[in-house]
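This report examines selected local features of one protein model. Please keep the sequence and the structure in view while reading.

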Amino acid sequence: MNRVINQENLDQTPVILASASKARGFLLKNAGVSLSGLLPAVIDEDEVKQSLKSEGATALQVAETLAELKARKISMTNPNSFVIGADQMLNCNGVWFDKPTDLDHAVAHLKALSGKTHQLECTVCVVKNGERLWHHNETASLTMRDLDNDFIMSYLNALGDEALSSVGAYQLEGIGAQLFHKVQGDYFTILGLPLLPLLTFLRHNRILA
């Protein structure tokens with residue numbers, strides 16, 4: 001028997017994603033989360049990263065801080081809304097990687113990651129009225145194959161500008177899967193959003209049935 005969800009029993013508090021990430025918005029929409037908006041938070045991420053790194057923070061601590069800062073920033077102008085913030089850091093043997101700025105940078109990233117295991121450190125948090133209500137940290141480990149120059153150029157030519165839209169110059173849900181020998185961790189975390197724990201939080205708060 002099909003279960004009928006009574007929408008009248010759900011909390012109607014707006015849910016906002018503090019990001020312009022189409023991938024994160026796509027994940028939430030497909031999971032049945034009705035978003036009131038995707039609002040990118042303007043913060044100086046480079047400054048935050050450098051400041052925290054100088055203080056000895058880990059990549060995961062940086063991801064947690066950035067996720068909360070983004071959510072708090074949007075929460076300031078959207079009271080009484082659940083604001084979701086998320087961030088992801090790529091850490092390879094203590095080196096932090098950002099999104100490549102151009103094709104040459106993408107080539108350098110892939111050469112540096114080739115044959116090595118790196119970690120994707122990811123945080124999702126929820127803020128309401130400027131207060132963090134909940135957060136979840138998760139780490140995934142990915143091992144790249146040994147990549148030769150011909151393969152790297154062929155891969156980047158096939159991917160095009162999309163290579164510049166994600167840290168590490170890959171997207172596991174597409175042809176980026178060909179780069180890897182082994183992946184350990186939650187699939188959604190690798191895509192940049194620990195989705196299942198977030199859905200549990202939303203159910204506990206009657207945003208989802």
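## Charges over aromatic rings

The charged end of Lys-128 is placed over the ring of Phe-82, at 5.0 Å from the ring centre. A second case involves Arg-145, whose charged end sits over the ring of Phe-151, 4.9 Å from its centre. A charge is said to sit over a ring if NZ of Lys or CZ of Arg is within 6 Å of the ring centre and within 35 degrees of the ring normal.

The model is predicted; local features need pLDDT of at least 70, side-chain atom pairs count only at pLDDT 80 or more, and totals for chains, interfaces and linings use all residues. Residues are numbered from 1 along each chain as its sequence is written, and side-chain values use heavy atoms, with hydrogens and water left out.

## Aromatic pairs

A pair of aromatic rings is described by the distance of the centres and the angle of the planes. Rings of Phe, Tyr and Trp (its six-membered ring) pair if their centres lie within 6.5 Å; planes under 30 degrees apart count as stacked, over 60 as edge-to-face and the rest as tilted. By this rule there are four aromatic pairs. One of them joins Trp-134 and Phe-201, which are stacked, with 5.2 Å from centre to centre and 25 degrees between the planes. This pair links distant parts of the chain, since Trp-134 belongs to strand E6 (residues 131-144) and Phe-201 to helix H7, 67 residues apart. Here helices (H or I, at least four residues) and strands (E, at least two) are DSSP runs, numbered from the N terminus.

Is Phe-201 buried or exposed? Its relative accessibility is 8%, so Phe-201 counts as buried; the term means under 20% relative accessible area, while exposed means over 50% and partly exposed lies in between (1.4 Å probe, protein chains only). In the pair of Tyr-187 and Phe-188, the ring centres are 5.9 Å apart and the planes stand at 65 degrees, so this pair is edge-to-face. Both residues are partly exposed, Tyr-187 at 40% relative accessibility and Phe-188 at 23%. Ring pairs also link Phe-82, Trp-134 and Phe-201 into a cluster.

## Packing of helices H2 and H3

Two packed helices are described by the angle between their axes and the distance between the axes. Helix H2 (residues 45-54) packs against helix H3 (residues 59-76) at an angle of about 140 degrees, and their axes are 10 Å apart. Axes are lines fitted to C-alpha atoms, for helices over the stretch in contact, and angles run from 0 to 180 degrees between N-to-C directions.

Which residues of H2 and H3 meet? From H2 come Glu-45, Val-48, Lys-49 and Leu-52, and from H3 come Val-62, Thr-65, Leu-66, Leu-69 and Lys-70. By class, this contact has five nonpolar, one polar and three charged residues. In this classification Ala, Val, Leu, Ile, Met, Phe, Trp, Tyr, Cys and Pro count as nonpolar, Asp, Glu, Lys and Arg as charged, and the others, Gly among them, as polar.

## Buried residues and their contacts

Contact means heavy atoms within 4.5 Å. Ile-84 is located in strand E3 and is buried, with a relative accessible area of 1%. Leaving aside neighbours within four places in sequence, Ile-84 is in contact with residues including Val-15, Leu-28, Ala-71, Val-126 and Leu-198. Although Ile-84 and His-135 are 51 residues apart along the chain, their C-alpha atoms are separated by 9.5 Å.

Thr-189, in helix H6 (residues 187-190), is buried at 0% relative accessibility. With neighbours within four places in sequence set aside, Thr-189 is in contact with Gln-88, Cys-122, Glu-138 and Pro-194. Gly-192 lies in the loop between H6 and H7 and is buried at 2%; under the exclusion of neighbours within four places in sequence, Gly-192 is in contact with Arg-24, Ala-86, Gln-88 and Cys-122.

## Positive phi values

Most residues other than glycine have a negative phi, and most peptide bonds are trans. Asn-93 has a positive phi, near 55 degrees, and lies in the loop between strand E3 (82-92) and strand E4 (95-97). At 63% relative accessibility, Asn-93 is exposed. Arg-206, in the segment after helix H7 (195-204), also has a positive phi, near 60 degrees, and is partly exposed at 45%.
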